[in-house]
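Subject: Structure for your review

Dear colleague,

Please find below the structure that I am handing over to you. My notes on it follow, arranged by topic.

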Amino acid sequence: VYVKVFTNSPFLVCMDLARSREELIDPQYLWTGPDGKDLEGRAYVNLTETGKLVVMGFKESMSGAYTCTLSYKILETTTQEEREKFEAYKFMVYAYREADHAYQVFVRFTTKECELAANGRFFEELKKILNNIISDLTCHIVESSYKCRHVGIPKQGLLHELFVRFQVNPFAPGWEEVCHQVPYDCEDVTNRRVEEARGRIGEFFNKQTYALKHEFRTVPAIHYVENSFSLTHIDSCRPGFGKNHIAHRSCAGCCVVCDPGTYSPNDDVTCQVCARPRVKKYGARSC
């Protein structure tokens, strides 16, 4: 069972499908948490009289095995003797977060020569323009670079092009203050913002094509190469979380809490195995 952090778990039911279709006499339900202790009376759980459990405001530290023991009576129809029967049900419950999204952008511009000082100035100006377009979303341009390359094009000869790459990142200064304004985890907010930023930047480069065809009488020395804009989607996980397509197939796209004996100190997408697994808790950020 996967529970998004800060939300309530679904109902965990203390019986299987076959048992739910039968009549139960004097059923009793005993739920224990990952620490092996009785959950009755805990402030963060809701237990119903029919044995259903909800864990509220789920945190990574609440991950682990939740076990319910169902006891009920069986009456012998002839002797009216009663026997008590016990059955146990175990649920592995994991906290997860949505992955943080970012986008790697690749784009090309034609230039007159690779040695032009104007190339560097153009690149810096481009970064300023793009940052201005998305600054109100607390997104920014990071890991930006360019290289000038000689490109042989059929029937056009040798051209000089700037190969520009940068990342659209949702964690510009001030993003945490925006997150404090919402009463839940922040991935949904940052991901919506970076999606909006991606759309704005894509629209910016679409307009370059239109401007070259319809607005410029003289083509600028450095100008956009039509259809050269491309995107690569990048995911990252918060510390203490990672992706595992094998262990967590049902939540393969999620950042699931790191198991005991593993940790994640940064925004990588994998939980690393501790060399000497002293870590006994879920969501460790170090060994």
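In this predicted model, Cys-114 and Cys-148 are joined by a disulfide whose sulfur atoms are 2.0 Å apart. The link between Cys-114 and Cys-148 is left-handed, with -80° about the S-S bond. Cys-114 belongs to the loop between β8 (100-111) and α2, while Cys-148 belongs to strand β9 (residues 140-153), so the pair ties together parts that are 34 residues apart in sequence. Cys-114 has a relative accessible area of 18% and is buried, because the limit for that class is under 20%. Cys-148, at 23%, is partly exposed.

Cys-251 is joined to Cys-254, with an S to S distance of 1.9 Å. The torsion about the S-S bond of Cys-251 and Cys-254 is about -80°, which means that this disulfide is left-handed. Both Cys-251 and Cys-254 are buried.

Cys-274 and Cys-287 form a further disulfide, S to S 1.9 Å. Here the torsion about the S-S bond is about -100°, so the link of Cys-274 and Cys-287 is left-handed. Cys-274 and Cys-287 each lie in the segment after β16 (272-273), and the pair therefore ties together parts that are 13 residues apart in sequence. Cys-274 is buried, with a relative accessible area of 4%, whereas Cys-287 is partly exposed at 38%.

One more cysteine may be noted for its burial: Cys-139 has a relative accessible area of 3% and is buried.

Which residues of α2 are buried? They are Asn-119, Phe-123, Leu-126, Leu-130 and Ile-134. These residues cover an arc of only 60° around the axis, which puts them on the same side of α2. On the other side of the helix, Ala-117, Arg-121, Lys-128 and Asn-132 are exposed.

As to the strands, there is an open sheet of three strands in the order β2-β5-β4, with antiparallel pairing. The edges are taken by β2 (12-13) and β4 (45-47), each of which has a single partner strand, so one side of each is left without a neighbour in the sheet. The antiparallel pairing of β2 with strand β5 (residues 52-55) runs over two bridges. Leu-12 has Leu-53 in β5 as its bridge partner.

The UniProt record, an unreviewed entry, places the feature "domain: Zona-pellucida-binding protein 1/2 N-terminal" at residues 1-97. In the model, the end C-alpha atoms of residues 1-97 lie 13 Å apart. The span is 4% helix and 49% strand.

Finally, I would draw your attention to Ser-236, a residue of strand β12 (residues 230-236). Is Ser-236 buried or exposed? Ser-236 is buried, with a relative accessible area of 15%. Leaving aside residues up to four places away in sequence, Ser-236 touches Ala-99, Asp-100, Cys-255, Asp-267 and Val-269.

Yours sincerely

Definitions and conventions: Residues numbered from 1 in each chain as written. Predicted model: local features only at pLDDT ≥ 70, side-chain atom pairs only at ≥ 80, totals over all residues. Heavy atoms only, no water. Buried < 20%, exposed > 50% of the residue type's maximum accessible area, 1.4 Å probe, protein only. Contact = heavy atoms within 4.5 Å. UniProt positions renumbered as here; feature names shortened; annotations may be inferred. Arc of directions from axis to C-beta. Pairing = 2+ DSSP bridges. Disulfide = S-S within 2.5 Å.
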